[in-house]
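Here are a few friendly notes to read alongside the structure. Take them one at a time, and keep the 3D view open as you go.

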Amino acid sequence: MNFFDTVGKLAIGSRLRLLSEKITEDAAQIFKLYDIDMQPKWFPVFYVLSTEGASTVTAIAREIGHSHPSVSKIIAEMSKKGYVKEKNDKADGRRNMVSLSPKGKEIVEKIQDQYKDVNNAVEDLSANTRNDLWKAIGEWEFLLEQKSLLRRVQEQKKERESARVQIVDYKPAYREAFRTLNEEWISTWFKMEEADHKALDDPKGYILNKGGHILVALYEGAPVGVCALIKMKDPEYDFELAKMAVSPRAQGKNIGWLLGNAVIEKARSLGARKIYLESNTVLKPAINLYYKLGFQKVIGRATPYERCNIQMERSI
């Protein structure tokens with residue numbers, strides 16, 4: 001166990017698999033001890049059939065949490081042993097019903113003593129531990145059903161990498177990045193339009209000199225995301241959130257969320273009451289981000305972009 005003491009929780013899968021293998025090896029010997037010719041992996045299927053009677057493969061799989069192919073394979077092995085039988089469902093000829101054969105039912109009587117002894121042995125184990133493994137497994141299963149270990153690791157990765165992101169004000173050195181990042185996503189989904197060229201060819205004259213701002217996301221010092229606040233001459237909106245772009249190579253690091261919040265805070269610091277944006281619903285991650293940032297859909301405003309099919313606003 002020195003390996004697991006050293007590696008700790010990083011090897012949780014390996015440690016659980018080792019424990020499972022030990023118990024499975026013992027289970028095989030336990031069946032032999034009671035003179036029952038059964039493989040441990042058959043037991044869940046056997047138990048369901050012994051307690052609930054005839055059932056379909058689908059129902060058994062759902063009951064024991066296995067896949068349909070896995071249960072089908074187990075039933076085929078048990079059938080070869082003569083423990084189960086299959087026949088068409090009288091109510092629905094398309095379904096096969098599986099049940100224990102007379103030979104399988106004999107085991108039901110024979111296995112009762114084994115049930116008692118195994119249960120008592122496990123109870124004895126539990127009585128000599130400080131932690132209730134059975135309850136802990138149930139808690140883990142419940143929590144992993146709500147959110148998988150993979151998802152939890154992805155969140156930790158995003159949080160760690162997000163800490164390396166720095167949001168800074170635009171300066172001339174970032175002009176090429178501002179253009180390249182925006183051209184990259186626009187060309188991927190749509191085509192460059194006149195309004196794009198105006199903003200990207202001359203960000204200083206089109207955005208900054210007119211009271212707007214540009215923020216740049218740096219990841220380990222390199223510009224990987226940009227977003228602009230364009231000053232609007234509009235009685236309802238103070239700024240337009242525009243030209244948000246994140247490099248595909250830097251996605252998954254929460255950069256869009258960090259940029260969006262930083263731009264909203266910038267607008268708030270400038271006394272803005274309401275900001276506006278335009279997008280396209282084909283960009284589902286972007287639309288989800290805008291909703292998450294607090295934007296709501298509006299309709300009926302003129303737009304210079306052919307690609308725009310959704311307009312949104314957010315009160316500050």
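1. Let's begin with a term: a nonpolar core is a set of buried Ala, Val, Leu, Ile, Met, Phe, Trp, Tyr and Cys residues joined through side-chain atoms within 4.5 Å. Please keep in mind that this is a predicted model. Its largest nonpolar core has 26 residues, and those with the most contacts inside it include Leu-241, Met-244, Ile-255 and Leu-259. Among the elements that give two or more residues to this core are β5 (222-231), β6 (239-246) and α13 (255-269). The most comes from α13, with 5 residues.

2. Leaving aside residues up to four places away in sequence, Leu-259 touches Ile-167, Leu-215, Val-226 and Met-244, among others. A second, separate core has 22 residues, including Phe-46, Met-78, Leu-100 and Val-108.

3. Next, a pair of helices. The axes of α10 (residues 175-189) and α11 (residues 194-201) come within 9 Å and cross at roughly 160 degrees. Angles over 145 count as roughly antiparallel, so that is how α10 and α11 lie to each other. Phe-178 and Ile-186 of α10 are among the residues making the contact, as are His-197 and Leu-200 of α11. By class, this contact has 4 nonpolar, 2 polar and 5 charged residues.

4. Finally, zoom out. The protein chain has 14 helices and 9 strands. Its radius of gyration is 31 Å, well over the 20 Å that the globule rule gives for 316 residues, so the chain is more spread out than a compact globule. Its C-alpha atoms fill a box of roughly 90 × 55 × 30 Å along the principal axes. Of the 316 residues, 34% count as buried.

Definitions and conventions
Residues are numbered from 1 along each chain as its sequence is written. This is a predicted model: local features need pLDDT of at least 70, side-chain atom pairs count only at pLDDT 80 or more; totals for chains, interfaces and linings use all residues. Side-chain values use heavy atoms; hydrogens and water are left out. Buried means under 20% relative accessible area, exposed over 50%, partly exposed in between (1.4 Å probe, protein chains only). Helices (H or I, at least four residues) and strands (E, at least two) are DSSP runs, numbered from the N terminus. Contact means heavy atoms within 4.5 Å. Axes are lines fitted to C-alpha atoms, for helices over the stretch in contact, and angles run from 0 to 180 degrees between N-to-C directions. Angles under 35 degrees count as roughly parallel, over 145 as roughly antiparallel, 65 to 115 as roughly perpendicular and the rest as oblique. Ala, Val, Leu, Ile, Met, Phe, Trp, Tyr, Cys and Pro count as nonpolar, Asp, Glu, Lys and Arg as charged, and the others, Gly among them, as polar. The radius of gyration is taken over C-alpha atoms; the globule rule is 2.2 Å times the number of residues to the power 0.38.
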